[in-house]
Amino acid sequence: MDRNIQKLHDQVNQAIIRCRRVYSMWAKENQVSYNRMLVLYTIREYGFCTQKQVCDSYLLPRQTVNHVITEMRKEGILEINKEKSFGKEKALVLTKTGEAYSEKLLYSLSLMEERTAKRIGEERIREMTELFMEYDRILEETLAETSGKTLEKVSEKTSEKTSDEVLDLTLEEMDHEKG
């Protein structure tokens, strides 16, 4: 493998991890779990959320999201909205208490994001987002092409493995296919 390309991919992955770390640090400073922050973040974006929506958006295990949502419902922060629910997926919205809690909690997060946007510029954030989305799409396509498997099949095989074990497994399969 080309060492320069490998180094670029390492840098991209490190940048993604560092960005997520900032959000994790914010959550810790605000005495809220990172996963709870993601549920509130989703509701802020869409006005409601479903368990599946949070799981799919942030690639979190269903059990983890279910635990967070159950906890938030017991605390009176979330409630089921039957009008927005569809099929088996229950739509969750903030209660009045939840709205006050979320607004107060996410205010400093919004402030941090707005200050960041002012420093780097909205256009550059749009460009970065578009590039990441394209990068992700091409990575997924390449994975499917090189391994002959869909991401679902890969994730079934790798759900209990570390990232290094996943990489080793994927590289072994690619070597095997080259024959």
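**Exercise 1.** Determine whether Arg-36 is buried or exposed.

*Solution.* Arg-36 has a relative accessibility of 6%. Compare that with the cut-offs: buried is under 20% relative accessible area, exposed is over 50%, and partly exposed is in between (1.4 Å probe, protein chains only). Arg-36 therefore counts as buried.

The model is predicted, with local features needing pLDDT of at least 70 and side-chain atom pairs pLDDT 80 or more, while totals for chains, interfaces and linings use all residues. Residues are numbered from 1 along each chain as its sequence is written, and side-chain values use heavy atoms, without hydrogens and water.

**Exercise 2.** Find which residue forms a salt bridge with Arg-36, and state what the pair ties together.

*Solution.* Step one: look for the partner. The side chain of Arg-36 meets that of Glu-71 at 3.0 Å, N to O.

Arg-36 lies in helix α2 (residues 34–46) and Glu-71 in helix α4, so their pair ties together parts that are 35 residues apart in sequence. Helices here are DSSP runs (H or I, at least four residues), and strands are too (E, at least two).

Step three: check the cover. Arg-36 is buried, whereas Glu-71 is partly exposed at 31%.

Step four: widen the view. Arg-36 and Glu-71 are linked with Glu-75 in a network of salt bridges. The whole structure holds eight salt bridges.

**Exercise 3.** Work out how far apart in sequence the parts tied together by Arg-44 and Glu-113 are.

*Solution.* Start with the contact. The two side chains form a salt bridge of 3.0 Å, N to O. Next, locate the ends. Arg-44 belongs to helix α2 and Glu-113 to helix α5 (residues 96–120), so the parts tied together are 69 residues apart in sequence. Last, read the accessibility. Arg-44 is partly exposed at 36%. Glu-113 is buried at 19%.

**Exercise 4.** Describe the salt bridge between Arg-126 and Glu-123 and give their spacing along the helix.

*Solution.* The side chains meet at 3.4 Å, N to O. Both residues sit in helix α6 (residues 122–147). They are three residues apart, so about one helical turn separates them. Now check both ends. Arg-126 is partly exposed, at 42%. Glu-123 is partly exposed as well, at 46%.

**Exercise 5.** Identify which element gives the most residues to the lining of the second largest pocket.

*Solution.* A pocket is an open set of points on a 1 Å grid where a 1.4 Å probe fits, with protein on both sides within 12 Å along at least five of seven lines; lining residues have an atom within 4 Å of a point.

Then inspect the lining. It includes Arg-62, Asn-66, Ile-69, Thr-70 and Arg-73, along with Thr-50, Gln-51 and Ile-80. Lys-88, Glu-89, Lys-90 and Leu-92 also take part. Two elements give two or more residues: α4 (62–74) and β2 (89–94). The answer is α4, which gives five.

Key
Salt bridge = Lys/Arg side-chain N within 4 Å of Asp/Glu carboxyl O.
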